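Dear colleague,

My notes on it follow directly after.

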Amino acid sequence: MEITPFSSKSNIIQTPKQKCPCGADHCYIDTYPVDEDDEFTDPNCTPNNSGDQVSVPAPYVGQTFETDEEALEYYNNFARCNGFLVRRERSKGNPDHPMGVYKRELVCHRAGAPLSAKLGETKRLKRKKPERCRCEAQMVIKKNMSGGSAKWAVVNFSNAHNHDLLEGSFVHCQPPYHHRYISQADRDRIIALAKGGCNVGLIIRALEMEKGIKTGQLTFSERDVKNFLHASETVNPELERVELLKYCKSMKEKNPDFRYEVSIVEDNKLGNIAWSYVESIRSYKAFGDVVIFDVGHRLCTNGRPILTWFGLDNHGNIIFFSCAVLFDKKLESYRWALQAFLRLLDGKHPQTILTDFNVNLKEIIQTDLPETKHAHSFDHIISKLSSWFSAPLGPQYEKFKTEICQLNELNEIEEFEREWERIVLQFGLVLDRHAEFLFLNRFFWGLAYLKNWFFGGLLGGEHNLKIRGFFRRFLNSQTKLKDFIEQVGVAVDFQNQAAEETNQNQNQTNLKTCLPLEEHASTILTPYSFAIFQKEISLSTQYAVYETATETYLVQHHLKTGGGGHIVTCIPSSEEVSCTCKGFEFLGVLCRHALRVLSLKNCFVVPDRYLLLRWRRESNMFPKSSGFKYRSQALKSLGSILVQESAITKDRFDYVQFHLGKLLNHVREMEAGPANVVEDDWLDAGMSFIAEMDVGPTRKIAPRGRPRKQKNTVKVANEENAALL
C-alpha cells in the first residue's frame, strides 16, 4: 500500500492508496473519491507563486466555520495580512458540558492589561514598552446547532486597534509563540509525509512549495513539527484497549440498548470493534432497505481503517447505522465487520448496498449478502476517470467524460452496450485495461442494470459530501480510538435532534397541478419525498396516452410521438400499476408515466401500496408495530402535533377540548383486555381506483362546542357513498 500525500486542499484525514481493482502493477487508486467541485478554498491569505499575500476579507457577524480551528486559522491569516497577531483569550464550556467548549474569544496580541513584571526583571523591562495595551480588537465565535451538526459562528467582531500595526514583512519576525499554530489540514499533511519517509526539513520545504510562500512564512517552525510528530506517536495500545473497554461498559450501564462487539487478537491486543446505538438500530428497521458502506476513512494515530454503515431517512438526510474500527485491512477483518453489523442490527439484510471500488468488499458482499444488490455510485466512477483516461486521451478527455455521463442515463441494456462499443471505438480504448474493467463491472454502476432495485436517489453520489461532513468535525490526525467513539455518539445525537425538529416542522406544501392525486400525496409524504412525487406528476401532464391492449397503455411525450415511450400496465380491480421505466422500483415514488395513466383512469387517490412507509410522514423513524412502546411513542407524536395545531386559536382549542373529553370517556369505558396484534388494514376502501369519498377542503369549525350540522353532514356523506356503490 502506498500513502497519498495530502495536498493543501485536503481537509479530512490521511487517505491511503490501494491497488487498482483493474489488477495492473503500479496502478493505484484513492480509497476515497475527491469531487472536482469540492476544492478546498482557503478563505485565508490566498497564496500565489510569487510568495506575495493577497488581502483577506474581514470577518463578519454571522460568518460560519466548520470548527473552531478553522475560525482561528481564518482570523490568524487576516491578522497576518493586516499587521497584527492573534492569541486565544477566554473560552466557555468544558468536556463535561453537552456541547463541550461552545464559545471562544480570539483577540489581538496586544489585548488585555499590561502584565506585571516578574521579580528580577523590572530593571530590564524599563527599557521596553509593555506589549499589552488594552487593545479591543477581537473576534468572538460561538458553537451553534444547524441541521443536526455543530458549526461555529462569529457573534462579535471588532477591528479597532489602539496601537500601530506592523508592516507585512515584519509580522513573521515577531515572537513565535503568537503564530505557532498548525492547522488541521497541515497536521494531516505532516502525518502523511512523515509516514511516507520524509524528514522534518523536507516536510517544511514541501509545505512551503505547496502553499506557494517564501521560506519562513509558515505559521510554525521545524521544532513545532517535531513536537507534533512526537505527540502523535505517543499512543499506548494497551492503555487504549483498557480505556475503550471501560468506556463501552460504562455506555452499556447507562443505556442497556447500546450494542458493541470487540475481538481480541494475539498477545491480548485489541482487535476489531463495532458498535451501534438504540436510535440507530431503530432507524435501520425503518430505513435499512438501502445502505452506504463507507470505507474511506482511517485513524491517523494508529492507521486503523474505519468502516461505517449509513442510510437515507424519509427526509432525505444521511443517517448513521453502525461503525467499526478494524485492526487491519485483511479480508477476514472486513468479513468480521460485515457480520458484526448484521448482528448489531438484528440480522436484517439491506435490499441494496453502495460501496466504492474495493476488492475485499465485493467478495464478502457476494458471499455474506447474496440477496443484496451491490452497486457503486456514479459519482465514484466519475472520480476515477481522470486518473485512468486523462493521460491517454489528452484534450479529448472532457468529451469522453461527457459521453460517459450521457451513457449512464440510458435505460435500456441493449442501447447501453451499443453506445459503449461506439465510445471505445471512437476514442481508441478497445484494448485499454481500465475501459475493459469498467465494462466488466457495468452491472455495478450502469443505470440500465440497476433500475430494478431501490436506491432512493443515492446513486448520484451527493451523499459523499455529507459523509465527509459527518467525520470532518471530529476526525483528525490526533483523534484517538476512545475519543472517536465518543464523538461519533455526539454526532449521532445531533442527527437525532435534527430529525426530530424536521418531523415537528413539516409544513403543508404548495400544490402545482391541483390534481387530486397530488393533493392526496401531499398529506401523506414527507416534504422531501413529496418534492420527488410533485416533479413527476407535474411532468406527467406533458405525456400522451394510447391504449394498445386491455389494461395496457403506451405513454409518450407529446413532442416525441414518432417512437419510443414506455408501456404502463394498469389493473383497477387489484389496484396495480407498473411501468417499463421502473421509476417506482428505483426511487420508491410513482413515475410520471404511471401517474398519467392513473389520472385518466379517474383515480383520485394514490393506491396505498405505492406510498412507501419509508417515505411517509407518519413513519417518524418508527416502523408500524403493535407493542406498547410503539403505541406510546405514536400517541406522543400525534399528541404533540395536536397541541401545536389546536393552540393557535381559541376556536380550535374549544373544539379539540370538547371532543377530547368525549374521546377520553369513551376510551375509559373500553375493555382493557390483552394487547391484540393490529393488522395493517387501516387503509382499505379509501384507496380504490373508483374513489368512494371525495377529498375536499377542510371544513370550518364552529366557534364553541360541538358543531350543529355535524350529524347532517355525516348522513349526507353516507347517502352519497351509497349512491356511488
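This is a predicted model: local features need pLDDT of at least 70, side-chain atom pairs count only at pLDDT 80 or more; totals for chains, interfaces and linings use all residues.

Which residues does H374 touch, not counting residues up to four places away in sequence? They are I353, T355, K362, I365 and F444.

H374 belongs to strand 15, which spans residues 373-376. With a relative accessible area of 6%, H374 is buried. One of the residues it touches, T355, is also joined to H374 by a polar contact of 2.6 Å between the two side chains.

Helix 11 covers residues 378-393 and bends by about 40° at L385. L385 itself is buried. Other buried residues in helix 11 include F378, I381, I382, W388, F389 and L393, and the buried set also takes in D379, H380 and K384. After helix 11 comes G394, which has a positive phi, near 60°.

In soluble globular proteins, nonpolar side chains tend to be buried together. In this model the largest nonpolar core has 66 residues, and W275, Y277, F484, I485, F533 and L590 have the most contacts inside it. Helix 17 (residues 481-504) supplies the largest share of this core, with 6 residues. For F533, leaving aside neighbours within four places in sequence, the contacts are L517, E518, A521, L525, V589, L595 and V606. Another core, of 29 residues, lies apart from the largest one; among its members are A286, F287, F321 and W336.

How many disulfides does the structure hold? The number is 0. A disulfide is a covalent bond between the sulfur atoms of two cysteines, and the cut-off applied here is a pair of cysteine sulfur atoms within 2.5 Å. The closest cysteine sulfur to that of C591 is in C581, and because the distance is 3.5 Å, the two are too far apart for a bond. C591 counts as buried, at 6% relative accessibility. For C570, the closest cysteine sulfur is that of C603, at 7.6 Å, which is likewise too far for a bond. C570 is buried as well, its relative accessibility being 0%.

With kind regards

Technical notes: Residues are numbered from 1 along each chain as its sequence is written. Side-chain values use heavy atoms; hydrogens and water are left out. Buried means under 20% relative accessible area, exposed over 50%, partly exposed in between (1.4 Å probe, protein chains only). The bend at a residue is the angle between axes fitted to the seven residues ending there and the seven starting there. Helices (H or I, at least four residues) and strands (E, at least two) are DSSP runs, numbered from the N terminus. A polar contact is a pair of N or O atoms within 3.5 Å; within protein, one must be able to donate a hydrogen and the other to accept it, and residues adjacent in sequence count only if both atoms are side-chain atoms. Contact means heavy atoms within 4.5 Å. A nonpolar core is a set of buried Ala, Val, Leu, Ile, Met, Phe, Trp, Tyr and Cys residues joined through side-chain atoms within 4.5 Å.
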